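Me: Hi! I would like a close look at one part of this model, and then a walk through the rest of it.
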Amino acid sequence: MDELIQDFIDETFETLDTLSGELVAWEANPSDSDRLDNIFRFFHTVKGSCGFLNLPRFERLSHAAEDALSKLRDGSIEPSPALVTAILAIVDRISTLASALNSGDALPDGEDKAFIARLAEACSGTVAGVLEKAKAMPEAGQSVAEAHPQTRAIRIPLDLLDHLMNGVSDMVLARNEVARRIRDGGDEQVMSGAFERLSTCIADMRDMIGKTRMQRIERVFSPLPRLVRDLNAELGKSVILSTSGAEVEMDREMLEMIRDPLMHIIRNAIDHGIESADERSKAGKSAEGHLSVNARQSGNQILIEIADDGRGIDVDSLVTKAVAAKIIRGSERTNLDEQAKLNLVFAPGLSTAQNVTSISGRGVGMDVVHANIKRIGGAIDVKNVPGKGLKITLCVPLTLTIISCLTIRCGDNLFALPRSAVQEILQADNKQVKIERLGGTDIASIRGIKVPHVTLEQILGLDEADDDRAENRTVIAIDAGPRQNYALSVASVLDHEELVIRPCPPLLMENGLYAGTTLPDNGRPMLLLDPGGMAAKLDINAQAELSTLQDDSAENNVNETISVLVFKDMKQRTRAINLGVIERVEDIEAERVAFSAGQMRVSCGDGTCPIFGLEQVPGSESIKTLILSDGDTAIYYAIDDIIDIFAMDRAFEKAAEPGLVAGVTMISGQQAEIVDAHWIFAQHACGSIESNAASRPRCRVVGGDDMWTRHILAPLVEAAGYELALGDDESAAADIYIAMEDCRDTADLPANAPVIHLVSNRTGQGDAVYRYDREALVKALSNNLKRRESA
Amino acid sequence: MNNLYLIATMAGEDIAIAADRVESVVKVRDIISVPSVKPYVRGLFALRSRVLTVIDSSHFVTGNPGKIANEHAAIVTQIGGHFYGFLVDSIQDVCSAESAESVLPATLHGMWREIGTAMLSVDGKTMLVVDPARFIEAETTKAA
């Protein structure tokens, strides 16, 4: 019986959210009888289940709603806003009762009769009384949403479950095979094959389990129509909501995390963004405001856009408020660019509202929205068109559970740090980093930007081990959110891996430093550090002052410089290359490199990429490479070591001749050659001939389809830029013909068609070409090609 | 029907834990310490693919860190969706209680009062019934 009730509760919750949305949609278009049928069916189902489960209160409520709806269906009463409000109140009541039933609390007191009476009144049309009562119970939806318990049950599509079951059987079979091979004392080759299959099975299973965690974003979208309707009623505005992309799927946990930020942004948009009808018509806009919420997937991220056509943000008044709230100094306001000013919206303690209303005063500011999104590794982008509207884009990762992390060492402990918060990793002995002590606080200057500096040991309250000398440590520049930049010093950075993160028990969460636990391959549990939580341990206000203070001076010289990576090449020459063309830095195994087809190549997957800066395969096991990318092709550049990133003047002394080295610049008192990335790509990127196969001229070989033409002549012809046609398909016309010696029927060939005659002895007759006279043959082919092009 | 109890020694005293609260009993080794948390939180321990938070029960009770043997006995329970391992001095037995749980006649000493819920008689001895969830809840209520 308990199970049945649990099922009932889960099902009810799931449908309730959707139902509110349906009701509101139906209100907008009362002629939509399908919707009405859906709504009716829900109440009918609830009523049926309640009778069976002996829940009389649910039964009475749903019966009343069903009654009213059935009257609406047969047209005996007309829909009215009051009626919809009364039905929504019943929906809320059912939700409250279900919550109580679920948590095992006593069912809330209070007379359900009041709701039923309200509905009856609404049906009979005594509207005035209803509205009064509606006002007497404000915020019904709100209180229910808060009491909404976390139901842990989920529904999974049956076919996914079947796939999972199949996956498990496959895995068992693969396991059995491995077991058999082990028993047979199998040789390594066979073993590794069996193991490979097992690994594939496990990877598949992991994907599938990942899918069971995915849920359509609809779940968050479906309560929105109701929210907008309530806000419209409360604020006396008229806003039309449109949503799209409800079918986009994302991780369940993630959905929960974005729910509140999304609601808040929508409240803000309706309360502050969209103007009243009067103001709108004065500004020449339609009386109704428009709010659109769109979700779409882009790579492994989900983008959620919330766009309104309201007044936008008044940036000047925002800056004035920020100055008044001492978030920035008055002298700074001229230095901020438009986006930086706009980003002040996310600064703590700042409200753009002219006056605080009940909607905006709910305790969640944009700073909290920003912090929440940042916590799950996402980002927020704001596009403001003053007077025209505001578009906020939430960009969140697809799943919470697998995060790419750096593993770092602190004393004997290892920790994981989310990559999304890491800006840069530097060695402490690097000249670009300077750590100074100011009034008992360490401040790091990284390339002129000053941020608070803290060691991980200090944050965690550990003793700094003596053997970790300061210059061997690593400094990580962390950006945990707006005004949450700091430099974290750790004993060392070990690795970069994708880790499966599990939630942290409350006992470990309470200090705010940890965000989860993970179990890496070595089987030793590790904690995931929370960069935001660590920032909270530092004095954020002081740091905001400092970082902006520094922004001024940094900005002045940033404009005329470009960031370059300075490195030593294989011949120990100091060189610099524009940071923008570097896709990543990778250590590759030396065995992947070989000299083939005229240049050094690295095998990558099924193909190869050119590697540059290497004359022979070195003796060492691995080669440090820069991977350069022009967007399409990648070229590896073998180097000896990376020195650092520097800001270089745009103007530098040019080399005498164009070539690999474009010029020379001075970097910390030393000459560094500047590498011309364009030249590298021009030299090494193999132009793709195949891509335009269709447009290539055809060359037909007449009178010979033997091994020689197929395997020896064909590559030559193709290399000359022709498509080769062989054999009997006489009908196909061609741009050039090659006639073999034993072929006499050249008369069949079209008149005036260029023909090259091949002979097998060197003493060629007339214009015939000896078949191994490569030069003459290529010349004949390319001459024809040129003629064709000029024609 | 369900009056089985796991009898263990915790901080030198024999205590009883309702058997249905206990997931398993394991030997833990290689505890990964966790800095900057409550002192009685020993650290993390990987039990197959699960990560347990290890709690030193005698430290909780006495306020002094207990001695951790190389393969220390721990009681594994699940509380609020997370797994915990409670280090105990030793595990005695699983017994069925001779009496129902009865109300304690006096307020317990020190931290014992946070975790002890009732008493009961097993094998002719009166023992304290300990609810493992109280270790975790005791702290959250205090923090609030």
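In E26(A), which residue is the bridge partner of Ile611(A)?

Reply: The bridge partner of Ile611(A) in E26(A) is Tyr636(A). Before the surroundings, a word on conventions: residues are numbered from 1 along each chain as its sequence is written, while chains are lettered from A and ligands numbered from 1 in the order in which they are written. The model is predicted, so local features need pLDDT of at least 70 and side-chain atom pairs count only at pLDDT 80 or more, whereas totals for chains, interfaces and linings use all residues.

The bridge you asked about belongs to the parallel pairing of E24(A) with strand E26 (residues 634-649) of chain A, which has two bridges. (Helices, H or I with at least four residues, and strands, E with at least two, are DSSP runs numbered from the N terminus; two strands pair if DSSP finds at least two bridges between them.) Strand E24 (residues 607-612) of chain A also pairs with strand E23 (residues 599-604) of chain A, this time in the antiparallel sense and over four bridges. There, Cys609(A) in E24(A) stands opposite Val602(A).

Elsewhere in chain A, an open sheet of six strands runs in the order E10-E14-E15-E13-E12-E11, with mixed pairing. Its edge strands, each pairing on one side only, are E10 (422-427) and E11 (433-438) of chain A. From one strand to the next, the twist averages 30 degrees. Within this order, E14 (residues 474-479) and E15 (residues 485-490) of chain A make an antiparallel pair with six bridges, and Thr474(A) has Val490(A) of E15(A) as its bridge partner.

Now the helices. Helix H14 (residues 315-324) of chain A has Leu318(A), Val319(A) and Ala322(A) buried (20 or more other C-beta atoms within 10 Å of the residue's own; 12 or fewer means exposed, anything in between partly exposed, with C-beta atoms placed from the backbone). These three lie on the same side of H14(A) because they cover an arc of only 95 degrees around the axis, taken over the directions from the helix axis to the C-beta atoms. The buried residues of H14(A) pack against helix H15 (338-342) of chain A, whereas the face turned away from the buried side carries the exposed Asp316(A), Ser317(A) and Ala324(A). Just after H14(A), Lys326(A) takes a positive phi of about 60 degrees.

Met534(A) sits in helix H19 (residues 531-537) of chain A. Met534(A) counts as buried because it has 23 C-beta neighbours inside 10 Å. Leaving out residues up to four places away in sequence, Met534(A) touches Ile459(A), Leu513(A) and Leu529(A), where contact requires C-beta atoms, placed from the backbone, within 7 Å. Ile459(A) is 75 residues apart from Met534(A) along the chain, with 7.1 Å between their C-alpha atoms.

Finally, the two chains meet: 19 residues of chain B are in contact with 18 residues of chain A. On the chain B side, strand E4 (41-47), strand E5 (50-56) and helix H3 (133-143) are the elements that give two or more residues. The residues on that side divide into 11 nonpolar, six polar and two charged (Ala, Val, Leu, Ile, Met, Phe, Trp, Tyr, Cys and Pro count as nonpolar, Asp, Glu, Lys and Arg as charged, and the others, Gly among them, as polar).

Technical notes
Axes fitted to C-alpha atoms, helices over the stretch in contact; angles between N-to-C directions.
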